[in-house]
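Please look over the sequence and structure below before reading the notes.

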Amino acid sequence: MNKQFTIEQFVASLKSGMTIGIAGWGPRRKPMALVRAILRSDLTDLTIVAYGGPDVGMLCATGKVKKLIFGFVSMDAIPLEPYFRKSREAGALDILELDEGMLQWGLKAAAFRLPFLPTHVGLGTDVMAHGGFRTVQSPYDDGEVLLAMPALKLDAALLHVHRADRRGNIQALGPDTYYDEWFARAAEKTFVSAEEVVDRMDHSYPEDARANIVERCFVHGVIEAPLGAHPTSMPPLYGWDMKHLKAYADSAREEGGWDAFAARTIGADEAGYLDRVGGAAAVSALPLPIF
Amino acid sequence: MTTSPEFTLCEQLIVAASEAWRGNGELVATGIGPAPRLAASLAKVTHTPELMMTDGEAWLVEDPVPIGPRGYDDRKPAGYLPFSRFFDAAVWPGKRHAMVTPSQIDRFGQTNISYLGGSYDRPKVQMLGARGFPGNSICHINSMFVPQHSKRVFVEGEVDMVSSVGYNPARRVPGARFDFVDLRLIVTDLCIMDFGGADNAIRVISLHPGITFDQVQDATGFALEAADSIAETPAPTTEQLAIIARFDPHNIRANVLKDNPAGRRL
């Protein structure tokens with residue numbers, strides 16, 4: 001059993017029109033090497049599901065997104081994501097705006113093969129009105145009416161973690177694993193990029209087995225991508241690249257700004273990416289963000 | 001307790017805002033933004049030590065973490081509350097009191113952080129999206145901090161996109177529970193308000209020194225109620241000012257209010 005993919009094999013296994021979940025949280029531990037592979041591809045008409053950061057913004061900037069299902073799109077220190085804003089303000093996106101908790105609840109419904117899960121959340125807001133959500137009544141004596149959060153089924157989920165092995169065992173270190181495990185379980189096929197791919201996790205890192213956030217039956221492919229979260233943060237290894245994110249955000253104010261920024265950084269291949277953004281040593285040394 | 005000779009309006013507001021958490025007990029006090037976060041920290045180290053708090057990343061801390069640049073490992077984790085557990089452990093069970101700064105607030109206490117103007121499909125100004133506001137507002141206690149009290153924030157009609165639930169009867173879904181909705185304080189640069197008016201109407205309970213009710217009303221897009229006896233917002237004590245300074249060593253609070261005005265005593 002060998003689930004290792006090259007980044008080219010990974011992107012070749014996606015199709016236009018797919019619903020793709022991107023794990024991580026805003027500008028934190030995003031599978032950016034995988035996102036860049038999509039940016040360089042011919043894929044189009046994607047439905048993206050995310051707690052969004054620059055991943056969502058860059059996919060919007062490149063015109064890859066048909067529909068966006070999101071809890072927020074933000075880069076923390078740069079609160080408003082410029083290219084997401086531009087796209088939505090231009091009316092270029094089909095939108096399903098969710099509460100953050102609703103998003104993970106919908107992923108859980110998909111993982112459990114349920115049509116929906118009930119919740120209080122969304123009731124009484126415009127999230128409910130605009131999202132077309134329906135209610136369900138408790139069949140028990142309380143008779144309570146609840147919002148029925150539909151399953152958010154994903155064709156593919158993308159994660160970036162610290163370690164993976166060829167069988168699909170993965171380890172995510174750092175203080176928070178967000179909802180990565182639920183993106184993985186909600187997806188038909190989950191692709192995990194990792195800072196390091198080893199032959200067997202039990203031979204290399206058995207002491208960290210509790211960092212195995214999702215079981216390998218939910219992992220379809222692993223891709224080695226050192227520093228693959230750049231420009232987002234990857235604690236405890238490296239922080240986000242706020243200088244880079246600032247330049248990215250500034251580019252949105254210039255005519256043709258995205259094309260110039262993308263040519264300078266995203267480029268034609270992943271192999272040269274780190275050199276284009278300052279080199280592996282500089283990225284490795286990025287300080288962890290303080291909150 | 002002695003009163004310091006020098007303080008800023010922002011510091012006065014931080015002290016006022018800290019009162020929102022008084023006696024809340026064991027729940028997570030979340031202040032979003034520098035002033036609310038300093039207010040939560042002040043509450044925890046003075047009148048309500050039972051409060052729980054995170055470092056802003058994933059760890060529960062017993063000593064509040066100063067805002068701004070610091071050593072990454074300076075905070076001392078006492079517990080664990082990452083985003084991956086936040087809905088399970090803090091928001092949905094109602095074990096939280098958040099203070100936030102919405103872009104719009106209406107007479108019902110409904111707020112908006114999603115977009116301004118235009119439509120859902122094509123907003124004029126896209127902001128963050130609803131984030132956790134729908135869930136926060138229907139599950140746990142919430143308060144608000146408004147650094148610039150104006151009709152742009154306190155809007156005339158309903159907010160452009162209802163991101164958080166308030167007390168609007170027209171928005172109640174029949175048969176659903178809204179009894180967890182619990183809006184407490186709104187602290188602005190002019191006054192302190194609560195939801196103690198008729199049918200939870202917004203009511204002025206304290207005016208900052210030198211501010212009149214009419215001034216507040218003129219800066220608000222809807223009719224305000226007045227408490228039977230409107231207090232004057234007290235000046236911070238030297239002890240409170242020292243604590244605020246300790247948790248804000250880089251004086252980030254100087255940038256919260258336009259021109260960082262001086263505070264005034266009674």
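The points that follow describe a predicted model, grouped by topic.

**Domains of chain A**
- Chain A is split into domain 1 (7-98 + 153-284) and domain 2 (118-150).
- Between the C-alpha centres of domain 1 of chain A and domain 2 of chain A there are 32 Å.

**Where chain A touches chain B**
- The contact involves 41 residues of chain A and 44 residues of chain B.
- Elements of chain A that give two or more residues to its side of this contact include strand S3 (65-73), helix H5 (100-111) and strand S7 (145-150).
- S3(A) supplies the largest share of that side, four residues.
- By type, the residues on the side of chain A that touches chain B are 18 nonpolar, 14 polar and nine charged.

**The largest nonpolar core**
- This core has 168 residues, and those that touch the most other members include A:Ile48, A:Phe183 and B:Ile14.
- The core lies between domain 1 and domain 2 of chain A, because both domains give residues to it.
- Apart from neighbours within four places in sequence, A:Phe183 is in contact with residues including A:Gly21, A:Leu107 and A:Leu159.

**B:His208**
- B:His208 sits in the loop between strand S12 (203-207) and helix H5 (213-218) of chain B.
- B:His208 counts as buried because it has 23 C-beta neighbours inside 10 Å, and the cut-off for buried is 20 or more.
- Leaving out residues up to four places away in sequence, B:His208 touches B:Gln12, B:Leu190, B:Cys191 and B:Thr233.
- B:Gly132 is 76 residues from B:His208 along the chain, and their C-alpha atoms are separated by 31 Å.

Notes. Residues numbered from 1 in each chain as written. Chains lettered and ligands numbered in written order. Predicted model: local features only at pLDDT ≥ 70, side-chain atom pairs only at ≥ 80, totals over all residues. Domains from an automatic or database assignment. Contact = placed C-beta atoms within 7 Å. Nonpolar A, V, L, I, M, F, W, Y, C, P; charged D, E, K, R; others polar. Core = buried A, V, L, I, M, F, W, Y, C linked by C-beta atoms within 7 Å. Buried ≥ 20, exposed ≤ 12 C-beta atoms within 10 Å, placed from the backbone.
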